[in-house]
Amino acid sequence: MTRKVLVDADACPVKDEAIEVALRHEAEAILVSNGGMRPSRYPDARIVVVAEGADAADDWIAEAAEPADVVITADIPLAARALEAGAAALGPTGCEFTPESIGAALSMRAFKQHLRETGESKGYNASFTAADRSRFRQALELILRRPTPHA
C-alpha cells in the first residue's frame, strides 16, 4: 500500500512543499479542492476536485485517510477526523496535531469563534512566514520518516 499525503488544498500555502516532500518519500501527493486548481501547475500530484459544499473536500479527505497517511490542513475539525482514522495531521505552519493536543485545539477554535461572534475579536490570522514554510517542510519530513503503522 502506498502512503498518501492528502492536502486540503483550497487555501493551503504549502502545496508545492507537500508535493516535493511526499515524492521524495515515494508517497502519493493528493490535492483535494472544491475547484479552481490548475492541474498543470502540479503535474506530480493527483488532483481531486469535489462537488461544491461546505465540507465536501473535508469529507473526501477524512474518508480517504488511512493509518499510514498524512493529512495537511489548517482545519482543526478535519485534523481531528484524520487522527480518528489513524492518520497523522499537520498544519501548514508545521504544527502537528496529535491525539493529546487535538482536544485543546478544538476548544481554542470554539473559543475564538465565540470571540468573533460577540465582536470581541476581528478574527485576523497571523501572516504566513518563511519560517512557517520551513517548519512545515521539516515537520512533514519527520512524519514521513516514521515507520508506517503496519511496517
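1. In this note, a residue is called buried when its relative accessible area is under 20%, exposed when it is over 50%, and partly exposed in between (1.4 Å probe, protein chains only). Helices (H or I, at least four residues) and strands (E, at least two) are DSSP runs, numbered from the N terminus. With these terms, the buried residues of helix α2 are Ala57, Asp58, Ile61, Ala62 and Ala64.

2. The structure is a predicted model, in which local features need pLDDT of at least 70 and side-chain atom pairs count only at pLDDT 80 or more, while totals for chains, interfaces and linings use all residues. Residues are numbered from 1 along each chain as its sequence is written, and side-chain values use heavy atoms, with hydrogens and water left out.

3. The chain holds 5 helices and 6 strands. Read from the N terminus, these elements follow the order β-α-β-β-α-β-α-β-β-α-α. Of the 151 residues in the chain, 40% are buried.

4. Contact means heavy atoms within 4.5 Å. Among contacts in the chain between residues at least 6 apart in sequence, 53% link residues at least 24 apart.

5. The 6 strands form an open sheet with mixed pairing, in the order β3-β2-β1-β4-β5-β6. Its edge strands are β3 (46-49) and β6 (96-97), each of which pairs on one side only. Two strands are taken to pair if DSSP finds at least two bridges between them. In general, strands of a sheet pair through backbone hydrogen bonds, either parallel or antiparallel.

6. Strand β2 (residues 28-33) pairs with β3 in the parallel sense over 4 bridges, and Leu31 has Ile47 of β3 as its bridge partner. Strands β1 and β2 also run parallel, joined by 5 bridges. Asp8 stands opposite Val32 of β2. Strand β2 is mostly covered, with 5 of its 6 residues buried.

7. Helix α2 (residues 56-64) lies across β1 (4-8), β2, β3 and β4 (70-72), and runs at about 165° to β1. Axes are lines fitted to C-alpha atoms, for helices over the stretch in contact, and angles run from 0 to 180 degrees between N-to-C directions. The cover over the buried residues of α2 includes β1, β2, β4 and α3 (76-84).

8. Helix α5 (residues 130-145) has 16 residues and should span 22 Å at 1.5 Å a residue; its end C-alpha atoms are 23 Å apart, which agrees. The expected span is 1.5 Å times one less than the number of residues in the helix. Asp132, Phe136, Ala139, Leu140, Glu141, Ile143 and Leu144 are buried in α5. The buried residues of α5 pack against β1, α1 (15-24), β4, β5 (88-90) and β6.

9. A nonpolar core is a set of buried Ala, Val, Leu, Ile, Met, Phe, Trp, Tyr and Cys residues joined through side-chain atoms within 4.5 Å. The largest such core has 24 residues, of which Val5, Val7, Leu31, Val70, Ile72, Leu90 and Leu140 touch the most other members. At least two residues of this core come from each of β1, α1, β2, β4, β5 and α5. Helix α5 gives the most to this core, with 5 residues. A second, separate core of 19 residues includes Val32, Ile61, Ile76 and Phe97.

10. Leu90 deserves a separate entry. Not counting residues up to four places away in sequence, Leu90 touches Val70, Val71, Ile72, Thr73, Cys95, Glu96, Phe97, Phe136, Ala139, Leu140 and Ile143.

11. Ala68, in the loop between α2 and β4, counts as buried because its relative accessibility is 3%. The C-alpha atoms of Ala68 and Val5 are separated by 9.3 Å, although these residues are 63 residues apart along the chain. Glu26 lies in the loop between α1 and β2 and is exposed, with a relative accessible area of 70%. Although Glu26 is not a glycine, it has a positive phi of about 55°. Glu52, in the loop between β3 and α2, is exposed at a relative accessible area of 73%. Glu52 and Gly35 lie 17 residues apart in sequence and 7.8 Å apart in space, C-alpha to C-alpha.
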